[in-house]
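Dear colleague,

Please find below the structure for your review. The findings follow after it, grouped by topic.

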Amino acid sequence: METNASSDNISSNKYMVPEKQPYRTWYHFQPPQNWMNDPNGPMYYKGVYHFFYQFNPYAPTFGSYMVWGHSASYDLINWIHLNHALEPSESYDINGCYSGSITTLPGEKPIIMYTGSDSNKHQVQNLAVPKNLSDPFLREWEKHPQNPILIPPSGVEVDGFRDPTTAWKGSDGKWRVVIGAKNGDEGKALLYYSEDFVDWKLFPDPMYASENTGMFECPDFFPVYISGTKKGVDTSVNNSSVKHVLKTSYQNKQLEYYFLGDYFLDQEKFVPDADLGGPNLNLILDHGMFYASKSFFDYAKNRRILWGWSKECDTTQDDYEKGWAGLQCIPRQVWLDESGKWLMQWPIEEVEKLRDKQISIKGEKLAGGSIVEVSGITASQADVEVLFEVPEIENAEFLDESEVDPELLCSEEYASRSGTIGPFGLFALASEDQTEHTAIFFRIYKTSNRYVCLMCSDQSRSSLRENVDKSSYGTIFDIDPNQKTISLRILIDRSIIESFGEKGRICITSRVYPSLAIDKDAHLHVFNNGTQSVVISELNAWSMNKAEFVQEESIK
C-alpha cells in the first residue's frame, strides 16, 4: 500500500507487522524491527519533522554496532522510515554512533553533534552535516573532517563522556553545549563554548554535578516562559521572560530528574530555584518507564516537544521472539505551569487525529466498591479522558509522609484496600473478570499541615505471565484544600499505558504484557474502592486507529 508522500515523489510501502504480535503498538513510534533506545536530535526542517534514534540494525538487543536510525513525518504521528543517518565507519565512531543532538545554524543549516565510541572504546564528540540542504528529508549526512572535535577531559572517565545537548547561542555570539559525564559515582553536566562550532573549550566548572547519581545521561537544557503560556521558546532565548530547565537522566536511578532555575550567561552559571530557598520537589518528568528524553523547539507551531524512550519490561528471550524492543512515547508538548514550580506535559494535539469511535459517560455516581465498564470501544488501543468530582476532602484519612514510600502505597497490597477518598480511577487492559488489569488511580490524604494526592500506576496484576516486570509506580503531590475535581488521561496501546494526572502535572508510563486482555478481549473499567462516593463528572473514551509507518523503497 502506498502512502501519500507525493510532495517529494517518494515511493514507499506500508510495513506489514507480523501476525500474532499482541504487544506491538498501533500508534507509538517503532522501527520495523530490532532494538531502539534513546531519541536523538528531533527537529523540524523545511516542512518535515525528523526523528533520529539509537538503533541496532542487527538484533533486538543493545549491540556493538549502534547507528542513528532516521524517520520523517509531516505530523509527528505517521512516519516514513529512511536509511540510517549515521553508521560506524571511522576510527572515532567505529564502536558505535551514540546519542547526540541537532542544532540549526544560521541560514537554516542543521548540524549533528554525536558521541562516537572510538577504536579504544573511548567516548568522543563528532559532527556531521547534511550532504544536500535542498532535500527536506535530509537523507544523507557526511562526517566532519576534523572529527573528533572533543575527547574526554581530565577528571572524566573515558567511557563516561557522552550525549551532547542541542547547542544555544549567547548574546556574546558564542555557542554553548552541555555534555553528560561521570567520575566514579559523581555525575556532571559539562559546559563547553565555541565561536565556530568546531573548536570547543571547556568552562572550568560544570553546569551541575551530583554525588551518587552515576552518569548524567542525555542532559537537556532549554528555556520556558514564566507566564504560564503553553507556547514554547527557542533554545537560545535568555531574558527576563523565561526560566531555564536542566534535565538529566540519572543512570543509577533510571529516572528523568529536572531542575528549574535561572541561567546567568555572564557568569556561565545555572542556579536551581532550590539553591535560592525555593521548593525542592525532586522534580521528575515521568515516574514510570520513561528515560533518555530529548526536547526540541518546534518553530512551525511555537511549542517545545519532548520525546522519551520506554524500554521493554519482559525478557531478552521475549524480545528475540517478538523481533523488536523499545518504544518511543507519544511526543509531549511541555511548558511551565503558571505556578512556576513544575513542568506540564500533554500529548501533542496531532494524536487526536487517530481518534475513532467515542463513548461518553456524564454525571454518574460511583459508590464505594463500585466498578463500571466503559464498553463500545477497542480497549486495547484507546485514548481516555475522565474528570472525577471528589467529596469534601477534610474527610480524608491521615498520612505520615515521613514514614511512607509512594510506590509502596501503590502496590497491590494497598491499592486493593478500601480507603476513604479513593483509590478511584481506571482499570486499563483488563480481562473480562479483572483477573488481569493495570490500575491507574488516585487516593487523597491529609497530612499534618496540608492535603495531598497519591497517583499510582499499579502493574502488580497486569499479567498472568511470569518473568515480566510488574512494578508499581507512583508519587504524592500537594492539592488545594478547596479542590473539587481531579482529571486523568490515559493513552493505551497494547503494551504501553501513558497516564497524565491533573492535566499533565504528573506523568506515569507503564509497560505491560497481558496474556488475557489482548485485542478484543481487553476491557476498560472505572472503579472506586474508597468508602466515599465519587462522581464521573465526564468521561470520554475513543478507539484509536493505527498510525501509518512506511518504509522508503528508493532514494530519489
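This is a predicted model: local features need pLDDT of at least 70, side-chain atom pairs count only at pLDDT 80 or more; totals for chains, interfaces and linings use all residues.

Residues are numbered from 1 along each chain as its sequence is written, and side-chain values use heavy atoms, with hydrogens and water left out.

Glu-394 sits in the loop between β28 (381–389) and β29 (397–398); strands (E, at least two residues) and helices (H or I, at least four) are DSSP runs, numbered from the N terminus. Leaving aside residues up to four places away in sequence, Glu-394 touches Lys-446 and Tyr-451, where contact means heavy atoms within 4.5 Å. The C-alpha atom of Glu-394 is 56 Å from that of Glu-108, 286 residues apart along the chain.

**Cysteines**

The whole structure contains one disulfide, defined as a pair of cysteine sulfur atoms within 2.5 Å. Cys-410 and Cys-456 form this disulfide, with their sulfur atoms 1.9 Å apart. Cys-410 belongs to helix α2 (residues 406–410) and Cys-456 to strand β32 (residues 451–458), so the pair ties together parts that are 46 residues apart in sequence. Both Cys-410 and Cys-456 are buried.

Cys-453 is in no disulfide; its nearest cysteine sulfur, that of Cys-456, lies 8.8 Å away. Cys-453 counts as buried, at 0% relative accessibility. For Cys-97, the closest cysteine sulfur is in Cys-218, at 15 Å, which is too far for a bond. Cys-97 is also buried, with a relative accessible area of 0%.

**Strand β30**

Strand β30 (residues 421–430) is mostly covered, with ten of its ten residues buried. β30 runs antiparallel to strand β31 (residues 438–446), and six bridges join them; two strands pair if DSSP finds at least two bridges between them. Opposite Leu-426 stands Ile-440 in β31. β30 also pairs with strand β37 (residues 523–528), in the antiparallel sense over five bridges. There, Ala-430 has His-523 of β37 as its bridge partner.

**Pocket and cavities**

The largest pocket holds about 1400 Å³ of space. On a 1 Å grid over the protein atoms alone, a pocket is an open set of points with protein on both sides within 12 Å along at least five of seven lines, a cavity is a set where a 1.4 Å probe fits but cannot get out, and lining residues have an atom within 4 Å of a point. Grid points are joined across faces, edges and corners, and a volume is the space filled by probe spheres set on the points.

Of the 48 residues lining the largest pocket, Trp-342, Phe-477, Asp-478, Arg-505 and Ile-506 are the closest to its centre. β33 gives the most to this lining, with six residues. The lining comprises 24 nonpolar, nine polar and 15 charged residues; Ala, Val, Leu, Ile, Met, Phe, Trp, Tyr, Cys and Pro count as nonpolar, Asp, Glu, Lys and Arg as charged, and the others, Gly among them, as polar.

There are three cavities of 30 Å³ or more, and the largest cavity has a volume of about 40 Å³. Its lining includes Tyr-27, Trp-79, Trp-307 and Pro-331.

With kind regards

How values were computed:
Buried means under 20% relative accessible area, exposed over 50%, partly exposed in between (1.4 Å probe, protein chains only).
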